[in-house]
Amino acid sequence: MGSVGNVKKPSQSSSEPKARYETQTLLIDADDTLWENNIYFERAIARFISFLNHKESSPAQVRGVLNEVERESVVKHGYGLHSFAHSLVQTFERLSVEPITPELHAQINSFCHTIADHPIETLPEVPQTLEYLSPRHHLILMTKGAILEQTGKIERSGLKEYFAATEVVAEKDEAAYARIVEKYELTRASTWMIGNSPKSDINPALATGLNAVFIPHGDTWILEHADVDTAPPAQRLLTIPRFADLREHF
């Protein structure tokens, strides 16, 4: 787990109006919650499948193989572009009768470069909503993936100023949430995890005793799909259609 920046408490001047709600700690996901992410991978995958142009397997079958390879790659290599590039190469090797030459390897890697070079595209009203929430609540950005990739996106997004702290973790599971709770001495009853992934954002947070806000995204990565758990007694689970709707609840 990596920390970025110093922990700070949000300030609120006496001239500001009193908040409608008690101060809460909001753990906020990044990819596909604050900014677009998976759509760029989907576009790269579409280009890869077209490039492979498999004569016997349909695009859906090729995608099925890639999904399985990605599951294996996550275990071995974690998340991020390095793992994704490895998955594309492995999928090509499994499905193609041609040996993978340096030229083919470079072509496959070029699909990943288009993702790395893409500017950050924040989702609608994200900056305005963070500006509203930041003086009223304790905001911690919690994202998973390769530290350099994630911190680079955070810096380029221009959103870092709204957060008291930033955490980049290798995996979002119960153990990771428990470590965050302990590190920041959080009160579970007043802490919420906000994100688009049932698998990484919602279910493990609920299992750790936190509240959660589920904001579905139409292009959530298939490996993050899962049924959303029911909140246990004394915990709360909200489902809202847009990040901006947080202003109605916090």
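Colleague: Is Ala205 buried or exposed?

Modeller: Buried, at 0% relative accessibility; the cut-offs are under 20% relative accessible area for buried, over 50% for exposed and partly exposed in between, with a 1.4 Å probe and protein chains only. This is a predicted model, where local features need pLDDT of at least 70, side-chain atom pairs count only at pLDDT 80 or more, and totals for chains, interfaces and linings use all residues. Residues are numbered from 1 along each chain as its sequence is written, and side-chain values use heavy atoms, with hydrogens and water left out.

Colleague: Which helix holds Ala205, and what is Ala205 in contact with?

Modeller: Ala205 sits in helix α8. Leaving aside neighbours within four places in sequence, Ala205 is in contact with Tyr177, Met193 and Leu210, where contact means heavy atoms within 4.5 Å. Helices (H or I, at least four residues) and strands (E, at least two) are DSSP runs numbered from the N terminus.

Colleague: Why is α8 largely enclosed by the rest of the structure?

Modeller: Because eight of the 10 residues of α8 (residues 198-207) are buried. Those are Pro198, Ser200, Asp201, Ile202, Asn203, Pro204, Ala205 and Leu206.

Colleague: And what covers the buried residues of α8?

Modeller: The cover includes β3 (138-144), α7 (174-183), β5 (191-195), β6 (211-214) and β7. Just after α8, Gly209 takes a positive phi of about 95°.

Colleague: Which residues other than glycine have a positive phi?

Modeller: Asp32 is one of them, with phi near 65°, and Asn53 is another, with phi near 50°. Asp32 lies in the loop between β2 (25-28) and α1, while Asn53 lies in the loop between α1 and α2. Asp32 is buried, with a relative accessible area of 6%, whereas Asn53 counts as partly exposed at 44%.

Colleague: Switching to pockets: what volume does the largest pocket have?

Modeller: About 680 Å³. Of the 41 residues lining that pocket, the closest to its centre are Asp31, Asn37, Phe41, Gln150 and Lys153. The search uses a 1 Å grid over the protein atoms alone: a pocket is an open set of points where a 1.4 Å probe fits, with protein on both sides within 12 Å along at least five of seven lines, and lining residues have an atom within 4 Å of a point. Volume is the space filled by probe spheres set on the points, which are joined across faces, edges and corners.

Colleague: Which helix gives the most to the lining of the largest pocket?

Modeller: α1, with five residues. Elements supplying at least two residues each include α1 (38-52), α2 (59-77), α3 (81-95) and α8.

Colleague: How do the lining residues of the largest pocket divide by class?

Modeller: Into 12 nonpolar, 14 polar and 15 charged. Nonpolar covers Ala, Val, Leu, Ile, Met, Phe, Trp, Tyr, Cys and Pro, charged covers Asp, Glu, Lys and Arg, and the others, Gly among them, are polar.

Colleague: What about the second largest pocket?

Modeller: That one holds about 200 Å³ of space. Its lining includes Phe51, Asn53, His54, Phe92 and Glu98, and α1 and α3 each supply at least two of the lining residues. By class there are five nonpolar, three polar and three charged residues.

Colleague: Which side chain does Arg63 join in a polar contact?

Modeller: Glu42, at 2.9 Å; a polar contact is a pair of N or O atoms within 3.5 Å, where within protein one must be able to donate a hydrogen and the other to accept it, and residues adjacent in sequence count only if both atoms are side-chain atoms. Arg63 is in helix α2 and is buried, with a relative accessible area of 16%. Not counting residues up to four places away in sequence, Arg63 touches Glu42, Ile45, Ile49 and Ile222.

Colleague: And Arg247, where is that?

Modeller: In the segment after β7 (237-239). The side chain of Arg247 makes a polar contact of 2.5 Å with the side chain of Glu125.

Colleague: Last one: where does pLDDT stay under 50?

Modeller: Over residues 4-19, for which the model has 25 contacts beyond four places in sequence. The chain averages a pLDDT of 89, and 92% of the residues score at least 70; pLDDT is the predictor's confidence in each residue, from 0 to 100.
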